[in-house]
Amino acid sequence: MKKILLLSDTHSYIDEKILHYVKQADEVWHAGDIGDLSVTDAIKKLKPLRAVYGNIDDAKARMEFPLHNRFMCEKVDVWITHIGGYPGKYNPAIRQEIYANPPKIFICGHSHILKVMPDKTTGLLHMNPGAVGKHGFQKVRTMLRFEIDGEKIQSLEVIEFGK
């Protein structure tokens, strides 16, 4: 079993409140718009990190992290990208691949809107953790945490912080 902390859109911001939850996870996944790499460096000092770069990330971040990160966690196929859309409104650049070879979990960021929803067409679970950074229009900063146990995705929780 793996305890996952999922965050996105840090926009160069990390603090002790976020790191408190990092310490509780087995792995941290970041869905892009990292900003300054000091954010991911702080996470990597504590836990294994899987991340992608986002549209605001510079060349250093793009050299360290991929645009798409597809991997297996336990027995769950996971795909993380920054601008991916959501069921019924996938990004045209990836839509064909989503339908031809859907993962079990499809994760993206970018919108700053927390969203977890099943795709009834493909059977995948779409997750967007919202934004945990302080830059953006969001009124509440959010992250997600959950567990993957074999093929099961369980114990999903929303973590909220004020602006």
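Counting disulfides, that is, pairs of cysteine sulfur atoms within 2.5 Å, gives zero here. The sulfur of C73 is 18 Å from the closest cysteine sulfur, which belongs to C108, and that is too far for a bond. C73 is buried, at a relative accessible area of 1%, and C108 is buried too, at 3%. Buried stands for under 20% relative accessible area, exposed for over 50%, and partly exposed for what lies in between, using a 1.4 Å probe and protein chains only.

Before we go on, a word on what you are looking at. This is a predicted model, in which local features need pLDDT of at least 70 and side-chain atom pairs count only at pLDDT 80 or more, while totals for chains, interfaces and linings use all residues. Residues are numbered from 1 along each chain as its sequence is written, and side-chain values use heavy atoms, leaving out hydrogens and water.

Let's start with helix α1, residues 16-24. Helices (H or I, at least four residues) and strands (E, at least two) are DSSP runs, numbered from the N terminus. The buried residues of α1 are I18, L19 and V22. Seen down the axis of α1, these buried residues fall within an arc of 95°, so they line one face of the helix; the arc is that of the directions from the helix axis to the C-beta atoms. On the face turned away from the buried side you will find the exposed residues E16 and K17. What covers the buried residues includes the strands β1 (2-7), β2 (27-30), β11 (140-149) and β12 (152-162), along with helix α2 (38-44).

Now step back into the loop between β1 and α1, where H11 lies. H11 counts as buried at 16% relative accessibility. Its side chain makes a polar contact of 3.5 Å with the side chain of D9, and another polar contact, of 3.3 Å, joins the side chains of H11 and H112. A polar contact is a pair of N or O atoms within 3.5 Å; within protein, one must be able to donate a hydrogen and the other to accept it, and residues adjacent in sequence count only if both atoms are side-chain atoms. Leaving aside residues up to four places away in sequence, H11 touches D33, I34, G35, I56, H112 and H135, where contact means heavy atoms within 4.5 Å.

Next, have a look at R62 in helix α3, residues 59-64. R62 counts as partly exposed, at 36% relative accessibility. Beyond residues up to four places away in sequence, R62 touches Y53, G54, N55 and D57.

Finally, turn to the open sheet, whose five strands run in the order β4-β5-β8-β10-β9 with mixed pairing. Its edge strands, each pairing on one side only, are β4 (68-73) and β9 (114-118). From one strand to the next, the twist averages 15°. Strands β5 (residues 76-81) and β8 (residues 105-107) pair in the parallel sense over three bridges; two strands pair if DSSP finds at least two bridges between them. Helix α4 (residues 92-100) packs on the sheet, touching β4, β5 and β8, and its direction makes about 175° with that of β5. Axes are lines fitted to C-alpha atoms, for helices over the stretch in contact, and angles run from 0 to 180 degrees between N-to-C directions.
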